[in-house]
Amino acid sequence: MPDTARPARPRRGRLLTQRHPYLLTILVFVLLCGINTALQPTFLLPSVAVSNLSSFLPMTLVAIGQTYVILGADIDLSIGTIVSLVNVIAATIIDSMGGSPLSIVLGLTAGLAAGLLAGLLNGVCVALLRFQPIVTTFATGVVFAGLALWVLPQAGGQVPPAFYEAYAGGVLGIPTVVWVLLGGIGFGLLVRRLRFYHALRATGGNIQAAYQTGLPVARVRITAYVIAGFFAAVAGLVLVGETASGDPLVGASLTMSSICAVVLGGTALSGCVGSFAGSILGAFVLGLINNVIFFAQMPFEWQGLVQGLIILAALSGGVMMARGRADRT
Amino acid sequence: MQSLVTLLKRPLAVALLAILVLLAAGELLSPGFASWRQIVSMVTIAGLLGVVAAGQNLVILSGHEGIDLSVGGIVSFGAFLAGNLMQQTDARILPAVLAVMVITFAIGLANGLGVTVLRVPPLVMTLGMFGVVKGGLVLLTRGIPSGRAAPLLQAAVIRPLLLGLPGIVFIWAALGLALTLMLRRTTFGLSLYAIGTNERTAAVAGVPVLRTRALAFGLSGLLAGLTGILLLGYTGNVFIGAGDGYALPSVIAVVIGGTSLAGGAGSYVGTMAGAVFLVVLQSILTTLSIPEFGRQVIYGLTLLALMLIYGRQRRLRG
């Protein structure tokens with residue numbers, strides 16, 4: 001039945017979850033942290049926390065980028081392949097130029113440029129040429145994956161120790177991975193203050209109305225895709241530091257987990273409602289689910305099913321929590 | 001001239017024309033590409049994609065951002081289950097097929113209930129279900145492939161029946177006929193178009209919106225299970241993730257066939273043409289001995305070019 005046809009329900013009990021659509025995810029996050037600590041007493045040690053963070057970081061970054069596309073009621077199914085493409089471009093340039101400081105600068109710049117261009121291509125296809133987002137980004141994703149295989153057919157490439165040691169190290173006593181995450185958070189906080197952000201949410205809420213109000217709808221959607229490309233690029237570069245090499249398939253699973261993380265974080269796939277902070281939390285929850293299952297020493301053959309069920313339950317729970325809010329907006 | 005332009009705007013015509021162009025190009029580049037034997041083998045493979053895409057088509061027609069990304073996992077699951085239940089024994093085919101259909105229908109219905117009762121967006125629900133089905137498959141197989149097709153099933157699927165065409169092509173054609181009749185002549189089919197076009201008016205008109213949509217998901221699961229059985233018959237035995245890659249191509253086949261992702265408009269005949277087109281495109285790229293990366297790039301660019309022709313959305317008006 002359509003929403004209008006259901007009788008008005010008392011709303012009082014829902015106010016809290018409406019104001020904080022990812023409240024459930026916070027609860028799940030705390031719960032998972034508790035379970036993880038019980039199973040792995042070293043969980044709270046700073047070194048373990050940092051190593052967890054560095055393994056969650058690529059997914060977290062991609063989830064932040066995906067948030068903006070989804071807020072505009074679009075979707076990016078190519079985001080994982082952009083990660084792969086950027087990853088192999090940067091690793092190959094750094095490797096082929098002998099790992100000099102110049103090669104590192106060049107590799108990182110080329111990687112970032114590739115990510116931004118890929119996002120721009122997606123945005124232009126979807127917003128200017130008016131292609132359907134799901135099919136379009138699937139198709140561009142196939143192209144990006146092909147290009148990644150062209151740049152580097154097999155995982156490999158050698159990155160100079162200085163690079164990955166710098167990545168594993170820190171600045172001002174704070175690990176690099178934490179800086180990257182803080183950078184992502186800073187970006188999110190900054191964007192939230194921009195006129196673009198409100199235009200994006202308006203576009204996601206009702207594109208026709210946004211257009212009639214005079215908002216530059218196409219430019220806003222393209223910008224969202226470029227932001228997604230940017231975050232995918234950063235994730236690709238982070239993976240160069242993490243694995244010290246390039247892999248044309250490294251981002252394959254990131255597309256779907258980014259969407260899961262965004263939904264877990266209370267962002268509605270229908271656009272308009274949500275936040276990057278929720279997506280960060282969603283990505284952490286996904287990562288912690290993996291951790292808990294690993295440390296619970298569950299028999300190997302059960303792991304996939306349990307993981308699938310937890311994620312499905314969390315997704316439906318998150319959606320139901322966020323729903324009251326999405327319905328009203 | 002006018003009528004030619006309008007014809008070219010019809011997705012089915014575009015898909016058929018594109019198939020002919022590809023066949024001609026293939027024949028030119030590699031003589032023998034468009035030989036009857038080659039065409040038969042391409043249509044056979046398209047049959048597998050076409051049956052999954054049938055379920056996908058129903059879900060997409062039902063609107064409400066309908067999409068079923070769990071079908072790939074269900075194909076793998078169906079193939080595994082069928083192989084283990086029939087154990088190369090002809091007498092066990094019927095119970096095995098029935099069991100697979102009941103179970104995969106139940107999985108699809110679970111998707112449908114999640115989407116309608118819990119109101120989880122289809123993309124999320126079916127993506128989550130994909131994880132669950134994959135996990136269940138690992139639990140059952142313990143990572144070791146098992147199960148083989150019964151000889152009769154293999155014969156029914158791949159042995160040439162008429163004009164060199166194997167059984168699966170006739171099964172597919174029968175399904176196409178049945179589905180087209182169902183969509184055009186039955187209450188369920190018309191309800192599907194109604195809820196896909198405008199859910200509220202359909203509800204006001206007395207269409208059971210939730211039941212219709214849940215059933216579409218159930219049938220999508222069932223048809224994916226059927227694909228698993230056919231895949232088992234086609235290959236004899238299947239590796240564990242054999243069907244995983246079917247999800248997105250099935251969506252693409254539906255879209256190329258002219259069904260709107262917004263729901264409410266489209267036909268299964270178009271989807272069948274879309275499935276054939278995808279397979280012909282894939283095999284032309286394989287035949288040309290282009291390296292893997294080139295194949296992928298051309299495949300993606302062709303899809304984009306097709307979107308340019310008719311996959312465009314309405315212009316915003318002030």
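A:V88 is buried, because 32 other C-beta atoms lie within 10 Å and a count of 20 or more is enough for that class. The residue belongs to helix α4 of chain A, which covers residues 79-96. Leaving aside residues up to four places away in sequence, A:V88 touches A:A148, A:V151, A:L152, A:G246 and A:P248. Another residue to look for from here is A:L239: in sequence A:V88 and A:L239 are 151 residues apart, while their C-alpha atoms are 9.8 Å apart in space. The model in which these positions are read is a predicted one, with an ipTM of 0.79 and a pTM of 0.83.

Chain A contains 14 helices and two strands. Of its 329 residues, 53% are buried. Among the contacts in chain A with a separation of 6 or more, 80% are between residues 24 or more positions apart.

One pair of helices in chain A can be followed in detail. Two packed helices are described by the angle between their axes and the distance between the axes. For α5(A) and α6(A), the axes come within 10 Å and cross at roughly 150°. The crossing of α5(A) past α6(A) is right-handed. On the α5(A) side, the residues that meet the other helix are A:A118, A:L121, A:N122, A:C125 and A:V126, and on the α6(A) side they are A:P133, A:T136, A:T137, A:T140 and A:F144. Sorted by class, this contact has six nonpolar residues, four polar ones and no charged ones.

The loop between these two helices, α5 (101-128) and α6 (133-151) of chain A, holds A:R130. The phi of A:R130 is positive, near 60°, in a residue other than glycine. A:R130 has 17 other C-beta atoms within 10 Å and is therefore partly exposed. A second residue of this kind is A:A244, with a positive phi near 60° and again a residue other than glycine. A:A244 sits in the loop between α11 (217-243) and α12 (254-264) of chain A.

A:G214 and A:L190 are 24 residues apart along the chain, and their C-alpha atoms are separated by 24 Å.

Chain B comes next. Chain B has 14 helices and two strands, and 52% of its 318 residues are buried. Its average pLDDT is 87, and 95% of the residues score at least 70. Where pLDDT is low, the predicted coordinates should not be read in detail. The C-alpha trace of chain B spans about 65 × 55 × 35 Å along its principal axes. A compact globule of 318 residues would have a radius of gyration near 20 Å, and chain B, at 20 Å, agrees with this. Among its contacts between residues at least 6 apart in sequence, 76% join residues at least 24 apart.

Within chain B, α12(B) is largely enclosed by the rest of the structure, because 10 of its 10 residues are buried. The buried residues of α12(B) are B:A247, B:L248, B:P249, B:S250, B:V251, B:I252, B:A253, B:V254, B:V255 and B:I256. After α12(B) comes B:G258, with a positive phi near 95°.

The last step is to see where the two chains meet. Here 46 residues of chain B are in contact with 47 residues of chain A. On the chain B side, the elements that give two or more residues are α6 (122-141), α10 (199-204), α11 (209-235), α12 (247-256) and α14 (292-310). The chain B side that touches chain A is made up, by class, of 27 nonpolar, 11 polar and eight charged residues.

Conventions
Residues numbered from 1 in each chain as written. Chains lettered and ligands numbered in written order. Predicted model: local features only at pLDDT ≥ 70, side-chain atom pairs only at ≥ 80, totals over all residues. Contact = placed C-beta atoms within 7 Å. Helix = DSSP H or I, 4+ residues; strand = E, 2+ residues; numbered from the N terminus. Nonpolar A, V, L, I, M, F, W, Y, C, P; charged D, E, K, R; others polar. Buried ≥ 20, exposed ≤ 12 C-beta atoms within 10 Å, placed from the backbone. Rg over C-alpha atoms; globule rule 2.2 N^0.38 Å. pLDDT = per-residue confidence, 0-100. Axes fitted to C-alpha atoms, helices over the stretch in contact; angles between N-to-C directions. Left-handed = near helix turned anticlockwise from the far one by under 90°.
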